[in-house]
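Me: I have a protein model to go through. Could you tell me what the terms mean as we meet them?

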Amino acid sequence: MAAADQAERKLGLVGQPRAVVIHEKKGRRHAHVVWSRIDAESLKAVNLPYFKTALNALSKDLYLEHGWKLSEGYREKGWKNPLNFTLAEWQQAQRIDLDPREIKQVFQQAWIGSDNQQSFKAALEDSGYFLARGDRRGFVAVDIHGEVYSVARMTGVKTKDVTARLGSPDALPSVEDTKAQTQAKLSAGLKEHLKSSREEQRRALKPLEDERAKLVREHRAERLRLERGHAQRWQAESKERAERLRSGLKGVLDFITGRAAQTRAQNGREAVAAYQRDRSQREGLYQVQAADMTALHQRRADLKTQQRQERMKLAAKIGQMLRLTRAMGLDAKKAPDASRPRTPKQRGFDLDL
């Protein structure tokens, strides 16, 4: 609430109506604050110039004030972090279920380790990305799933610098041709391996998803039981406190002697203590439940990280195979059958997929 008050002053919204909502997500509880910008007297919206800059500065001050470790964005030169990504880039990565930061690292490492178009192209293909000629953006890359990436955006390099190093993209195939060539060279076996790998990973996640759903049901039931218990106890205690105030002539006598005032004061103290007791019990239950949910989400996050790494390794191996097929003038669909004798040249296909 102190942070919300500071944000209110920073934004010039002091005195404006606001709502604070406590929200829980993945076992972590946090607050959302919504202000009304409409001035009730002038019926005009309060101007919020450079509000993002003001809130970023406040956020950094809060980190320093509480002695928390600064996040990457607040460190020196952190504003130009090459792994920052847009919403569109995040959504694109989600379609293939990879972390966009990992994808950008692939492109950036390929850029650092190359000095011309050929070496950059080979470095990308080692990770399953294929250089192509974009419709408007010059150089793009296509992955084995058909997703298209802007080279300039993913490397964090200006377009003119990309052109200076890679030259003209005219000799490269178009995006559609690259997609068609890539899919044609992926044998039915490789496609099936990709499909089965994804299905296997989904099956591995299912027990955790089921456990999470069960835990949510149990937590809701526990909170409901506690809420009902508090309501019943509050009703019984309220009745007990009300019965202390006598009626009729006895009530008049209590009023005259001051006993009624003392009883009301005692009832007030007890009501406050009962409220604090119930609130403490709710908070204690939340802390226990949050610990259970946080541990479960951490296990799920660890498993998804492991699965992402496995998929990236698989994509890199497939990229290496496609490069071998081009280098040897072969088609992946014509790869030698495992039951037939193979020449040393053909053994280049043994990539332990």
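Predicted model: local features only at pLDDT ≥ 70, side-chain atom pairs only at ≥ 80, totals over all residues.

Reply: Residues are numbered from 1 along each chain as its sequence is written, and side-chain values use heavy atoms, with hydrogens and water left out.

Me: Why is Leu43 called exposed?
Reply: Exposed means over 50% relative accessible area, buried under 20%, and partly exposed in between (1.4 Å probe, protein chains only). Leu43 has 66%, so Leu43 counts as exposed. Leu43 is in the loop between β2 (28-35) and α2 (51-66). Its phi is positive, about 60 degrees, although Leu43 is not a glycine.

Me: What makes Tyr50 exposed?
Reply: Its relative accessible area is 71%. The cut-off is over 50%, so Tyr50 is exposed. Tyr50 also lies in the loop between β2 and α2. Tyr50 has a positive phi of about 50 degrees and is not a glycine.

Me: What makes α5 a helix, and which of its residues are buried?
Reply: Helices are DSSP runs of H or I, at least four residues; strands are runs of E, at least two; both are numbered from the N terminus. Helix α5 covers residues 117-125. Its buried residues are Gln117, Phe120, Lys121, Leu124 and Glu125.

Me: How do you know that they are on the same side of α5?
Reply: They cover an arc of only 135 degrees around the axis, which puts them on the same side. The arc is that of the directions from the helix axis to the C-beta atoms.

Me: How do you know which residues of α4 and α5 meet?
Reply: Contact means heavy atoms within 4.5 Å. Phe107, Ala110 and Trp111 in α4 meet Phe120, Ala123 and Leu124 in α5.

Me: What makes this contact nonpolar, polar or charged by class?
Reply: Ala, Val, Leu, Ile, Met, Phe, Trp, Tyr, Cys and Pro count as nonpolar, Asp, Glu, Lys and Arg as charged, and the others, Gly among them, as polar. The contact of α4 with α5 has 6 nonpolar, no polar and no charged residues.
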